[in-house]
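I opened this entry to keep track of what I looked up in one model. The notes follow the order in which I went through it.

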Protein chains: 2
Amino acid sequence: MPSPSDRQPSATTKANLAEAVSAWRRDLGDDHVLTGDGDLARYSQSTTSSPVRALAVIRPASQEEVVAAVKAAAEHNVPLYPISRGNNWGYSDACPATAGNVIVDLSRMNRILSVDADLATAIVEPGVTQGQFSDYLLNEGIALWPDCTGAGPDTSIIGNVLDRGFGHTPLGNRANHISGMEVVLADGRLVRTGFGHFDGSRVTSLFPYGVGPHLDGLFVQSGLGIVTRMGIWLMPKPEAYSFFICSLQEDGDIADLVEDLRPLRLDGTVKSVVHMGNDLRVISSGMSYPRHLSPEGGPLSMALRRQLRAAGGFGAWTVAGGLYGAKGQVAASRREIRRRLARSGRQLLFFDDRKLALASRVLRPLLRLPKAAALQRKVDALRAVYDMNRGRPSPRFLAGAYWRRRDGLPQDIATANPALDGCGLLWLPPVLPFTGEAVREAVGLAEPIFSRYGFDFFVTFSTVTERALSAVMTIAYDKDSPEETEAAKACYDALLTAMLRAGFPPYRLNPSSMQTLASTTSAYWQTVADLKGALDPAGIMAPGRYSRH
Amino acid sequence: MPSPSDRQPSATTKANLAEAVSAWRRDLGDDHVLTGDGDLARYSQSTTSSPVRALAVIRPASQEEVVAAVKAAAEHNVPLYPISRGNNWGYSDACPATAGNVIVDLSRMNRILSVDADLATAIVEPGVTQGQFSDYLLNEGIALWPDCTGAGPDTSIIGNVLDRGFGHTPLGNRANHISGMEVVLADGRLVRTGFGHFDGSRVTSLFPYGVGPHLDGLFVQSGLGIVTRMGIWLMPKPEAYSFFICSLQEDGDIADLVEDLRPLRLDGTVKSVVHMGNDLRVISSGMSYPRHLSPEGGPLSMALRRQLRAAGGFGAWTVAGGLYGAKGQVAASRREIRRRLARSGRQLLFFDDRKLALASRVLRPLLRLPKAAALQRKVDALRAVYDMNRGRPSPRFLAGAYWRRRDGLPQDIATANPALDGCGLLWLPPVLPFTGEAVREAVGLAEPIFSRYGFDFFVTFSTVTERALSAVMTIAYDKDSPEETEAAKACYDALLTAMLRAGFPPYRLNPSSMQTLASTTSAYWQTVADLKGALDPAGIMAPGRYSRH
């Protein structure tokens with residue numbers, strides 16, 4: 001297992017750092033400036049193969065404290081790296097993009113500042129988690145549904161948006177459903193984007209663009225500022241909600257399904273982000289790598305995969321999405337989906353509250369029977385996806401991160417933390433045209449690469465826009481094995497090269513590839529560097545995050 | 001009538017300009033570098049009260065020529081102002097934001113570079129007009145509908161997006177439905193945004209954000225570069241299309257309608273941009289100011305407005321939108337709209353191809369009867385709005401610009417050009433929360449201001465996002481009257497002040513207010529100035545366009 005990078009900070013000396021630390025202790029309080037080995041080791045725990053250790057961690061409690069902390073960092077020339085909750089699993093977890101940074105942990109800024117039930121908006125701080133927010137809405141009886149990702153209840157809403165994460169509902173293309181940021185720049189300036197800088201504006205959370213250039217895109221996947229507040233959009237709880245699962249019999253069936261799905265997404269029949277996972281995604285949600293069945297340790301054989309599919313009662317691919325609206329509209333959309341998706345070789349099922357409650361009621365008296373218990377587990381799993389499509393997060397989708405972990409799945413998935421639990425996980429998400437041909441090509445390129453490096457090929461294709469799919473490819477590896485850790489890194493690099501060559505660039509990167517890609521000579525990255533130079537000339541803000549320096 | 005601003009260029013001397021002009025003549029050809037008085041006068045014709053005259057006009061035919069022209073401008077320190085077709089009616093028409101600029105007229109770059117019928121995208125140049133594009137799709141039999149605005153067939157698609165214009169269809173929030181820009185910066189660098197800078201990317205038109213900061217927002221409403229190419233999104237022609245009009249009896253009825261409409265827009269029943277115009281918007285589409293009925297010349301009396309409403313058979317407000325989808329879905333949405341919008345005091349009608357064709361067929365043999373001819377005109381008007389909601393532009397919505405023009409409506413609206421025809425027109429579009437209360441408040445504030453300055457209060461509220469309305473307020477004035485021209489300017493300023501004070505900032509400005517607003521001390525405008533300094537240090541790109549300088 002590699003130790004955290006020990007590259008020395010370039011600009012920061014021990015004296016500078018000491019001065020900054022004493023300023024922060026004064027402004028934030030001793031308890032919120034962490035410099036001990038144990039703390040720094042904990043923050044540097046990472047699912048990736050290249051953890052980066054910070055110089056210190058500061059934990060401001062308010063926008064004012066962020067401003068003060070940034071000013072002190074600027075004065076003493078100490079680079080900062082903001083994290084919201086630090087749960088950027090599979091990309092960088094809580095780690096800075098480069099060595100020599102002080103982490104600004106925003107998790108204490110966890111206030112839900114306002115919710116507007118009529119206009120379906122909220123304003124939140126970076127420490128607000130999707131679990132906290134979902135609970136708040138349910139407890140307060142507010143009839144709004146937020147978007148939700150599979151990354152578990154403890155992840156930050158703002159943090160995910162700023163890494164351009166996507167979820168499951170019609171608001172799943174998250175960075176497209178925000179309005180009004182407050183951002184602290186490297187000189188301590190507080191910028192309100194959109195209409196937020198107009199005194200008394202009543203539309204800051206409603207019309208993201210404001211007047212003049214729209215700056216929000218600058219602060220997503222960048223190191224240009226610390227976002228301390230954001231307006232996010234929600235959906236009104238619909239009169240009806242129906243969830244569909246389409247199970248495909250054979251591996252090759254996905255291309256045709258994608259072709260049939262595209263028009264349904266383009267015409268708005270399916271407004272949610274549809275996720276299409278292969279069998280290994282489903283298998284890995286309920287068990288870790290079955291060493292007893294596959295003692296040689298490489299990727300599971302196709303025979304074993306088929307056996308596990310049959311035992312679990314699912315297919316080569318599982319396709320899931322939600323339908324929302326008035327009862328008549330949902331019924332009409334369900335008819336359209338049936339008419340345009342149902343085919344031989346596909347099992348198409350619809351679920352709603354009534355059906356799921358009924359299944360549980362029928363099974364309850366039978367739970368002592370092994371078959372009924374297995375069925376109940378399946379219903380529980382189904383309910384978790386069903387709930388996620390209406391904005392309620394679940395920790396159970398983190399299970400895949402534990403696939404190759406020697407200790408297997410955690411005792412209690414509810415408290416799972418793949419980074420602290422020693423999971424090995426790298427995510428690579430190339431973006432493809434929403435066509436069957438592109439999906440076939442991407443699978444054809446990727447699967448042999450996974451095999452070559454000895455890994456199982458986990459993939460989900462998600463309809464992030466109506467025209468593009470994001471293919472999240474998961475490299476799950478044993479972090480206790482130096483060989484597997486090396487192989488995982490090599491597999492990632494080979495995959496990235498293959499996907500770029502095929503014309504499928506990734507929408508999100510891990511820090512080491514950020515700097516590699518951003519160092520190309522393209523005018524785009526030059527422009528990003530110029531903008532960075534204008535807003536952060538001393539380079540104290542998240543150096544190396546989606547930029548050369 | 002004021003003459004074009006004669007402020008002297010700050011940076012450009014005659015010698016500089018002469019050198020730049022000879023470089024352009026060499027690179028673009030003599031015919032495409034205009035310096036004659038007649039040409040410059042024509043470009044400076046404006047509906048606004050403060051036309052600005054350019055130093056010269058250059059007309060590049062390609063991206064390469066734009067790059068060459070920008071390099072020459074940079075070398076000789078001559079500011080450039082790009083226009084696509086120059087039809088930015090009511091805001092700035094073809095005029096630069098400040099004096100001392102050379103116009104870069106991109107109208108010769110009018111190629112439709114590609115259309116992807118499966119993924120519903122196209123790549124166009126800035127000279128492509130919405131009329132040209134709509135005709136192209138119809139002629140080629142491509143089953144895609146573009147978005148469309150009321151600004152007439154001759155307006156540029158890209159130009160409108162870059163001023164954050166909005167249209168009528170589900171893609172009406174236009175700047176949100178583009179993907180992949182090519183932009184020439186002030187140093188002649190060609191930047192490809194999104195994934196466009198990855199060699200061989202196959203998703204540039206499909207996933208706008210790319211990886212790293214998303215720059216597109218920087219080039220909308222700014223003077224940071226010249227956009228020479230853009231990917232735009234279209235909608236597949238739906239199986240069914242239905243258009244609804246809801247007519248409200250009384251002026252005060254709009255607030256309740258807005259409250260009933262919001263949930264329908266939030267839940268996606270109505271995906272199009274719904275436009276809600278007051279009676280004067282409808283009246284002015286068919287006639288100019290009736291001096292014979294209102295000889296005193298001020299705003300039309302309420303009695304006269306009621307009389308014209310009764311004669312025309314429309315109400316105090318006309319609300320229009322489109323429904324799209326499979327037959328069953330459109331039927332279900334129609335039922336929802338009927339259930340949730342139909343009320344006493346509202347007349348709700350649905351139209352489709354069949355109904356409109358039937359109306360024309362019934363009327364045809366009766367057209368010699370005056371009543372039938374009037375009815376046919378109404379059907380024609382209806383068809384124009386109906387067509388606009390499926391992407392087919394019409395010139396007839398420009399009629400309102402002629403309201404106070406002494407010569408009245410043009411002989412042939414098809415060749416109308418409000419700037420060249422001497423119309424006086426100022427548009428101010430404050431953004432409001434999508435609530436009845438906000439609409440009531442905005443009308444209550446604005447109408448007395450229009451009255452005070454002697455103008456009729458034209459307003460349309462449009463559901464640009466699901467949460468915000470843009471209220472386009474029209475000041476139509478007689479440009480041949482210096483008093484009215486002054487009053488129009490004063491009315492605009494008073495309105496802007498009142499709307500800002502109420503918390504309703506505008507989404508779009510005319511050039512003089514751009515510079516006033518951008519000169520405030522807010523961190524937002526300071527940041528815009530910093531970004532401008534980074535990308536255009538010499539200030540040669542569209543100085544004063546949504547910026548201080």
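**Entry 1: a serine in chain B.** I started with S512(B), which counts as buried because it has 20 C-beta neighbours inside 10 Å. I take buried to mean 20 or more other C-beta atoms within 10 Å of the residue's own, exposed to mean 12 or fewer, and partly exposed to mean anything in between, with C-beta atoms placed from the backbone. S512(B) is found in helix α14 (residues 511-518) of chain B. Helices (H or I, at least four residues) and strands (E, at least two) are DSSP runs, numbered from the N terminus. I also looked up R545(B), 33 residues from S512(B) along the chain, and the C-alpha atoms of the two are separated by 9.3 Å.

**Entry 2: conventions.** The model is predicted, and local features need pLDDT of at least 70, side-chain atom pairs count only at pLDDT 80 or more, and totals for chains, interfaces and linings use all residues. Residues are numbered from 1 along each chain as its sequence is written, while chains are lettered from A and ligands numbered from 1 in the order in which they are written.

**Entry 3: positive phi.** I noted two residues other than glycine. A542(B) has a positive phi near 40° and lies in the segment after α15 (523-535) of chain B. With 26 C-beta neighbours inside 10 Å, A542(B) is buried. D93(A) has a positive phi of about 50° and is not a glycine either. D93(A) sits in the loop between β3 and β4 (102-105) of chain A, and 24 other C-beta atoms within 10 Å make D93(A) buried.

**Entry 4: strand β8 of chain B.** Is this strand enclosed or open? I found 7 of the 7 residues of β8 (residues 178-184) buried, so the strand is largely enclosed by the rest of the structure. I count two strands as paired if DSSP finds at least two bridges between them. β8(B) pairs with β10 (residues 226-233) of chain B in the antiparallel sense over 5 bridges, with R229(B) in β10(B) as the bridge partner of E182(B). β8(B) also runs antiparallel to β9 (residues 190-192) of chain B, joined by 3 bridges, and V183(B) stands opposite V191(B) there. The hairpin of β8(B) and β9(B) has 5 residues between the strands, and G188(B) in this hairpin takes a positive phi near 85°.

**Entry 5: strand β13 of chain B.** In a regular strand the side chains alternate between the two faces of the sheet. For β13 (residues 275-278) I found both faces covered: H275(B) and G277(B) are buried on one side, M276(B) and N278(B) on the other. β13(B) runs antiparallel to β14 (residues 317-325) of chain B with 4 bridges, and N278(B) stands opposite W317(B) in β14(B). β13(B) also runs antiparallel to β18 (residues 458-462) of chain B with 3 bridges, where H275(B) stands opposite S462(B).

**Entry 6: the core.** A nonpolar core is a set of buried Ala, Val, Leu, Ile, Met, Phe, Trp, Tyr and Cys residues joined through C-beta atoms within 7 Å. Which members of the largest one touch the most others? Of its 335 residues, they are L432(A), V70(B), A73(B) and L432(B). Leaving out residues up to four places away in sequence, V70(B) touches L80(B), V184(B), A186(B), G188(B) and I226(B); contact means C-beta atoms, placed from the backbone, within 7 Å.

**Entry 7: the two chains.** I laid chain A on chain B with an RMSD of 0.0 Å by a turn of 180° and a shift of 0.0 Å along the axis, superposing by least squares on the C-alpha atoms of residues with pLDDT of at least 70 in both. The two copies are thus related as by a two-fold rotation axis. The contact takes 78 residues from chain A and 78 residues from chain B. On the side of chain A that touches chain B, α15(A) has the largest share, 9 residues. Because 100% of the interface residues of chain A are also interface residues in chain B, the copies meet through the same surface.

Terms used: Contact = placed C-beta atoms within 7 Å.
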